[in-house]
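Thank you for making time this morning; I would like to walk you through one model, going from the overall layout to a few local details. Please have the sequence and the structure in view while I talk.

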Amino acid sequence: MHCTDACVIPFPAGDTSIRRMALGAREMGFDSLVAFGAEPGVYHGITIVKGVQLEGMEIRQILGAMKRAKSDSSLICANAGDNSFNRALMNIPGIRVLRNLHASPKKSFDQVTARMASDKRVAVDIDLSSLIQLRGSARQKAIQRYSDAVMLQDKFGFPFTLSTGARSILEMRSGRDMKALCTLIDLPESGVEDALRAVGTLCNPEGPVKVVQ
Amino acid sequence: MRTKRRYILVRVEPEYLPISPRDLYYSLLEAITTIFGDSGAAKVQPAVLSCTGGVAIVRCVRNTEAMVFSSLPTVTRVAEHRVALRSCATGGTLLSLRRRLGESPRTPAEIGDDVEFDGNSYQTVRYHGEKVDLIEKGFKSQTLLFLTQQDLEE
């Protein structure tokens, strides 16, 4: 998985089937997609990773949901909340991605949380739909929040993922478009390429060295 | 002194929508203005030279292409149509872009037969390959669905 859109929402929640999204993704240069509400598989040569979104939950409920999802090979994401909530999330094993940072309160993702994300290899998702769909002060806030995250990433080195949150083929964006959009939040081209590769390393984290005989 | 220009080839999806260059220009100008402000839009001097068959040619001042590339993905609507604009290539002359366009000719989408899907009646638009778009038949809403031939068969 070298180039992945970290969030698409296919039919029936969206208006595009997962097969059509896979076709579109292939044309746009992706080799995998994280799909929410779809089963994992391979369509038209595109690997579909199942995504699970934990939202509107308290930490105790998230812990319960994590126990149930432990055997699953899906990519588990949690919505960002206030600062203490985010720090608590970092300590839950199995959570791979922190999403919707742009909608969280100011200073909810500070230096301490960034260091924890780096240590635990929890990625921060950059939801490009906030840059595409929002207008005015809401978009300004999203740009500001993600620019802050880029500065923290420079310092602490936690991974980023890039997602479009597309419910339709018309909302999907190519890698080239993603690079152009990321210039708005000062994420360099190399950073975008790392972010597009990040889902692969999150799904297959480096384990201890095995002796093969 | 004559200003140097750049020409950008843009794919408009869905390609069968009747989109006029004027409407596309207003949507693009709005996108550039909301991101870079009036001074940015004045520097870019965007213009839409043509928009037919799902392909548009956008002109801008040289060295402002990056601003256009950042703005194009934020255009989600042209007039009343939901669209996606995908930048394909950049050239210094119109001729070079047209040459590139000629290198990869696209088979146009065809209006197909009517089908029932999920209990509703739709008109199909078939592309070369597997892609099928469904346009809901009705006065109140014309919902679009984007599927493949295999989805329809299932």
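This is a predicted model: local features need pLDDT of at least 70, side-chain atom pairs count only at pLDDT 80 or more; totals for chains, interfaces and linings use all residues.

In what order do the elements of chain B run from the N terminus on? They run β-α-β-β-α-β-β-β-α-β-β-β-β-α, which amounts to four helices and 10 strands, where helices (H or I, at least four residues) and strands (E, at least two) are DSSP runs, numbered from the N terminus.

Residues are numbered from 1 along each chain as its sequence is written, chains are lettered from A and ligands numbered from 1 in the order in which they are written, and side-chain values use heavy atoms, with hydrogens and water left out.

Let me stay with chain B as a whole for a moment. Its C-alpha trace spans about 60 × 35 × 20 Å along its principal axes, and of its 154 residues 45% are buried, where buried means under 20% relative accessible area, exposed over 50% and partly exposed in between, with a 1.4 Å probe and protein chains only. If we take the contacts in chain B between residues at least 6 apart in sequence, 54% of them join residues at least 24 apart, a contact being heavy atoms within 4.5 Å.

Now to helix α1 of chain B, residues 21-44. Its end C-alpha atoms are only 17 Å apart, whereas a straight helix of 24 residues would span 34 Å at 1.5 Å a residue; the expected span is 1.5 Å times one less than the number of residues. In α1(B) there is a kink of about 125 degrees, centred on B:Phe36, and the bend at a residue is the angle between axes fitted to the seven residues ending there and the seven starting there. The buried residues of this helix are B:Leu24, B:Ser27, B:Leu28, B:Ala31, B:Ile32, B:Gly40, B:Ala41 and B:Val44, and they pack against β2 (47-52), β3 (55-61), α2 (65-71), β4 (77-78) and β6 (84-91) of chain B. After α1(B) comes B:Gln45, with a positive phi near 50 degrees.

B:Val68, in helix α2 of chain B, has a relative accessible area of 0%, and, not counting residues up to four places away in sequence, it touches B:Ile8, B:Val44, B:Val58 and B:Cys60. The C-alpha atoms of B:Val68 and B:Ile8 are separated by 8.8 Å, although the two residues are 60 residues apart along the chain. B:Ser87, in strand β6 of chain B, is also buried, at 9%, and its contacts, leaving aside neighbours within four places in sequence, include A:Arg176 and A:Asp177 as well as B:Ile8 and B:Phe69.

Turning to the backbone, most residues other than glycine have a negative phi, and most peptide bonds are trans. Against that background, B:Ala79 has a positive phi of about 50 degrees; B:Ala79 sits in the loop between β4 and β5 (81-82) of chain B and is partly exposed, at 42%. B:Asp118 has a positive phi near 55 degrees, lies in the loop between β7 (110-117) and β8 (120-126) of chain B, and is exposed, at 62%. A cis peptide bond joins A:Phe11 and A:Pro12, with omega about 10 degrees, and another cis bond runs from B:Glu13 to B:Pro14, with omega near -10 degrees. B:Pro14 is in the loop between β1 and α1 of chain B.

Which residues lie nearest the centre of the largest pocket? They are A:Glu27, B:Glu15, B:Arg106, B:Tyr127 and B:Lys131, out of a lining of 25 residues. On a 1 Å grid over the protein atoms alone, a pocket is an open set of points with protein on both sides within 12 Å along at least five of seven lines, and lining residues have an atom within 4 Å of a point. The lining divides into eight nonpolar, six polar and 11 charged residues, and its largest share, five residues, comes from α1(A).

Methods:
On a 1 Å grid over the protein atoms alone, a cavity is a set of points where a 1.4 Å probe fits but cannot get out, and a pocket is an open set with protein on both sides within 12 Å along at least five of seven lines; lining residues have an atom within 4 Å of a point. Ala, Val, Leu, Ile, Met, Phe, Trp, Tyr, Cys and Pro count as nonpolar, Asp, Glu, Lys and Arg as charged, and the others, Gly among them, as polar.
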